[in-house]
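Thanks for sending this one over. Have a look at the model below, and then at my notes.

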Amino acid sequence: MNAHKFNRLLQSIRSDRQAVTEIYAEYFPKIVIHLTRRFGKLISAEDIAQETFLSLLTTKEFKPVEYPTTWLYHMADNKAIDKLRSQHKEVALTENQSVPFCLDNLILKEDVKKCFESLDRESQYILYLHIWEGYSHKEIAEIMLLSCGNVRTKVSRAYAQIKKML
């Protein structure tokens with residue numbers, strides 16, 4: 001859908017049921033796919049996409065949007081990040097608790113498993129997110145509520161420690 005048509009539909013979204021249907025039909029599947037690729041199983045992509053459209057319906061005034069798909073992706077990403085942050089606060093860990101992650105669930109060769117076990121739990125979880133789940137340092141920082149630099153440092157130190165053992 002081009003930007004002009006999207007903006008026209010967006011302006012009439014609260015009064016015209018057809019506008020809602022048209023935007024929803026065009027963008028809902030795209031948003032679900034985007035969220036699934038970006039956040040994987042950490043969130044329910046369909047729920048976040050629904051929340052994105054709900055916020056469209058409750059917004060009072062819209063500025064013209066130049067790139068509708070990108071704009072909606074950013075809205076959905078922000079909703080997902082808010083959801084992750086709220087979930088993270090609900091399961092906030094004290095200093096004595098370990099990160100909720102089980103090394104036994106990963107299929108690893110014995111030598112790699114020994115190296116991995118030598119790391120502290122937080123480093124194990126960060127490497128798990130980075131290597132197996134494919135998250136970037138920035139995404140891991142958002143998930144774990146750390147700075148990006150802190151995550152980068154922990155990843156490089158973990159790699160160095162594993163390299164020493166091999």
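Here are my points, taken one topic at a time.

1. Ground rules. This is a predicted model, so local features need pLDDT of at least 70 and side-chain atom pairs count only at pLDDT 80 or more, while totals for chains, interfaces and linings use all residues. Residues are numbered from 1 along each chain as its sequence is written, and side-chain values use heavy atoms, with hydrogens and water left out.

2. The main core. The largest nonpolar core has 26 residues. By core I mean buried Ala, Val, Leu, Ile, Met, Phe, Trp, Tyr and Cys residues joined through side-chain atoms within 4.5 Å; buried is under 20% relative accessible area, exposed is over 50% and partly exposed is in between, with a 1.4 Å probe and protein chains only. Leu-10, Ile-23, Ile-31, Leu-35 and Leu-56 have the most contacts inside this core.

3. Who builds it. At least two core residues come from each of helices H1 (3-11), H2 (17-39), H3 (45-58) and H4 (68-90). Helices here are DSSP runs (H or I, at least four residues), numbered from the N terminus. H2 gives the most, with 8 residues.

4. Ile-23 up close. Leaving aside residues up to four places away in sequence, Ile-23 touches Phe-6, Leu-9, Leu-10, Ile-13, Phe-28 and Phe-53. Contact means heavy atoms within 4.5 Å.

5. Salt bridges, part one. The structure holds 5 salt bridges, each being a side-chain nitrogen of Lys or Arg within 4 Å of a carboxyl oxygen of Asp or Glu. One of them pairs Glu-22 with Lys-5 at 2.7 Å, N to O. Glu-22 sits in H2 and Lys-5 in H1, 17 residues apart, so this pair links distant parts of the chain. Glu-22 counts as partly exposed at 23% relative accessibility, and Lys-5 counts as partly exposed at 30%.

6. Salt bridges, part two. What does Arg-38 pair with? Asp-77 meets Arg-38 at 3.1 Å, N to O, and Glu-139 also bridges to Arg-38, with the closest N and O atoms 3.2 Å apart. Asp-77 lies in H4 and Arg-38 in H2, so that pair ties together parts 39 residues apart in sequence. Glu-139 in H7 (residues 137-144) is 101 residues from Arg-38. Through shared partners, Arg-38, Asp-77 and Glu-139 join into one network.

7. Asp-77 is buried, with a relative accessible area of 9%, and Glu-139 counts as buried at 17%. Arg-38 counts as partly exposed at 24%.

8. Around H7. Buried residues in H7 are Glu-139, Ile-140, Ala-141, Ile-143 and Met-144. Just after H7, Leu-145 takes a positive phi of about 55°.

9. H6 against H8. The axes of H6 (residues 121-132) and H8 (residues 148-165) come within 10 Å and cross at roughly 100°. These axes are lines fitted to C-alpha atoms over the stretch in contact, with angles running from 0 to 180 degrees between N-to-C directions. H6 and H8 are therefore roughly perpendicular to each other (65 to 115 degrees; under 35 is roughly parallel, over 145 roughly antiparallel, the rest oblique). H6 contributes Glu-122, Ser-123, Ile-126, Leu-127, His-130 and Ile-131 to the contact, and H8 contributes Val-151, Lys-154, Val-155, Ala-158, Tyr-159 and Ile-162.
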